[in-house]
Amino acid sequence: FVESSCHSRIFWMKLNKLLLQGKFFQLEINDPYAGPILLDEKLASRCGYVLSEDVWGNPVFRASVLGCHVANEADELFSLIVNIKVSSFSSMRAAVTYTYPMYCSYSSWASREIVCEENYMEVSVKTDVPAVSNDYTVAWMSALPETQNVAYQLWQLMFVSPSGRKRITVSDAAKLGYSFNNTLSRVYLRAPYHSNESDVSMVSGINMNMVTSTSMYRQRWLLLLIDTTVSCPVDGISFTDTTLTWTVPSVIPTLVVQESTFLSKNILMGVDGRVIVNPEENNYLLEHNQTHIQVTIPIGAEGGKLKSSISGGVYGVIYSIDLFLEHTWADADWQTTKYTVIKSITTPFMPQVPTVINNTLPEERLFNVAFGHFLPDVSLVAIAIGNVPFTLREAQHHRFKIYETPFSNRTKGFILEVSFDDPYILKEYVNRNETKYTLLINYTISVGPEMTLYYHSAEVECVIADIELPEAVGSCDEENLYLAIPTFGLHQYWNLYLGNKLLNRHIAVTNGYLPATNSTHLILQIPLFAVGVTYEEVSFQKIKARFDVALRKVRTMETLQMFSVSCNFNSSAFIICHPDGTIMVSAQMKTVPAIDMSKTKLRDRSCKPREYNEGHAFFKFHVTTCGTSVKFEGDHIIYENEISYEKETLPGQSIATITRDPDYRLTVLCYYRAKETLVLGAFTSDPSTSPPFGSGTMVPRSNIAVYRRIRQALNVVSRVSKDESFVEFYEPNIAIFKRPMEPVFLEVELKDESPHTELYLENCWVTGSPDFNSTPRWNITVDGCEINGSEYVA
């Protein structure tokens, strides 16, 4: 419960805080004459007592051997009796009193000894007053009878301060908080800090509190004057992020009048009342020179205590250590001076932002996060994962793993393990085939004995390639293309796109596809002549068709994969309407007798078949050529032409002749949606890279044809000039490449004689490839408004 010692003429007593936990205690000083006296601050500073706590929170009591109630035997043996009262109540009722005597032996007194305690300054001086024999006294009294009227044994104190000189009696000095007395061989003065009679002066950069005094004593024919000046440092503490430094002046002018005779003899340092013989073993640094004595302590060094603290919602630490310094010197005025300073030092609050160390194991799909560094007085009380709070017991029940781990420098941390697959982990599909897992943590820790709560948030991410991109399988039959695509991840990570349109069931059915699904795949059946089929090669003998579907990210629309199926087909009759306005027709004319297919033609008689045989003719032309007409029906634009055969006379066996019906024609129709863009002229696309979106049909036309009233399309021609003269133009249906900031000279002409018709240029753009649907694209005009003048940046 109690441990005590004696060092440098000071009683040291320490109480065990564990036995006092939750209780109240008081100290009483046992006066041999007056009985127990309750220790308070005023009594402590006047009588040479200190009641404080060490850095570990244990109550500490110190007393000078020259204290008011200390029993003194020949200035060598000292004793003090202290009553320790312990109660469960703040009123101290029902207190239990423990009487504890302390003893101290001290005989190696120096001529002058100075103690600088936390709440008082004390100086004691050896008095070598010559003894006066009785015979000598009687003789003087006989010779000078008037000396019997002189005051006898009267001590007075003279203080010298900036306000002047003050001479007072010892009893008056006690009323001011001073304590003066004499023992068998010494006199001593104990003074409070910052009294009215004190002065603060700077010595070698250190502020010193000083009381300049002379003790005066008259005994018969002797006037004794004793210098009882005392000076103690009041600062001298400095800090860095890693060390604290305590500086005390080596030479104090008010205590050493003849500095030239000053000789330092010994310097000792101590921690918590114990002398440190080899400071370097504890990483302490004790240095001294002609002006300073300096003690440097690493923050966190043994002997002191680091304590966790919270300030302004920030976690940090405070380091405390109890030091003392003992300096012995000699000079011409004093044979020996022993100067002792006791200092309790506490650093300012030092923020220590906790660190989150990511030790995640991607191969085990496990977050491993260390949170530290903390002192032993910190404990983890709760966590929140993804804003969902958990007590430690709930976290363990949820199969989160939480445990403490030791770190260096006697610190610790907390380890948290969470599976990637936990429902509270955020998951985000990124890049091509990777998932970003995010662990959002909010720690709640309890700090210090006050159990102050501190909160710290952290975010830990891990990206791993754990998603397999799907691979499609294509096939064909005589009339259809088939594409089988895995359904894993569809609509979660990625979507299928046909061009720039989301390929959903509605689009599939509208375009004539037949979608079907099983447990693992989406199977698309695409008819040969359905919208979206690309015809890479079309000839009289075969059709090479391809169907493309893009796999794109759900959020960013980034294309990750292209799924394609390509096959060759044989078809006796077909019509293909390309998005650039190109029409390809393989016409079959079954007549008896057979006609010469080389003589078939379109409305423009100059448009002949490119290939033919006995029963087929193959035509390729543009909607703006060969006499093609246009009309609007509902939401479609219809381009129409006719394949015909001129009247022919056949030889017969008689004079009469046989003629073929001149009205026999094959009507070719191409349907385009009115809301789509049909590229005519200047900006064209390569049919092999762009899916067509027109549909066509061939209708044998009879003699009786009923037509609805239709609206004729305007005849618009667009061209790109090679320069600003608009004399020489590029050929139609070819890609035109321009450098950045190079102007484009575009001409759009309306060939219409109606006075009520006007030309309005809506949207024009350029792309980086021959495909007009490719991205990125740069606008030249938008809604008829010019962008960047006549120049564009590719």
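Strand β27 is the top contributor to the lining of the largest cavity, giving three residues; strands here are DSSP runs of E at least two residues long, numbered from the N terminus. The model is a predicted one, with local features needing pLDDT of at least 70 and side-chain atom pairs counting only at pLDDT 80 or more, while totals for chains, interfaces and linings use all residues. Residues are numbered from 1 along each chain as its sequence is written, and side-chain values use heavy atoms, with hydrogens and water left out.

A cavity is a set of points, on a 1 Å grid over the protein atoms alone, where a 1.4 Å probe fits but cannot get out, and its lining residues have an atom within 4 Å of a point. The count comes to one cavity of 30 Å³ or more. The largest cavity has a volume of about 50 Å³, taken as the space filled by probe spheres set on grid points joined across faces, edges and corners. Around it sit W12, R62, E118, D272, G273, D322, L323, F324, I342 and K343. Both β27 (314-330) and β28 (337-346) supply at least two residues of this lining. Sorted by class, the lining has five charged residues (Asp, Glu, Lys and Arg count as such), four nonpolar (Ala, Val, Leu, Ile, Met, Phe, Trp, Tyr, Cys and Pro) and one polar (the others, Gly among them).

F1 itself lies in the segment before β1 (2-7).

Then there is the backbone. Most residues other than glycine have a negative phi, and most peptide bonds are trans. G372 and H373, however, are joined by a cis peptide bond with omega about -5°, and H373 is in strand β31 (residues 366-374). M557, in the loop between β46 and β47, has a positive phi near 65°. C626 also has a positive phi, near 60°, and sits in the loop between β52 (616-622) and β53 (629-633).

Notes:
Helix = DSSP H or I, 4+ residues; strand = E, 2+ residues; numbered from the N terminus. 1 Å grid on protein atoms, 1.4 Å probe; cavity = no way out; pocket = protein on both sides within 12 Å on 5 of 7 lines; lining within 4 Å.
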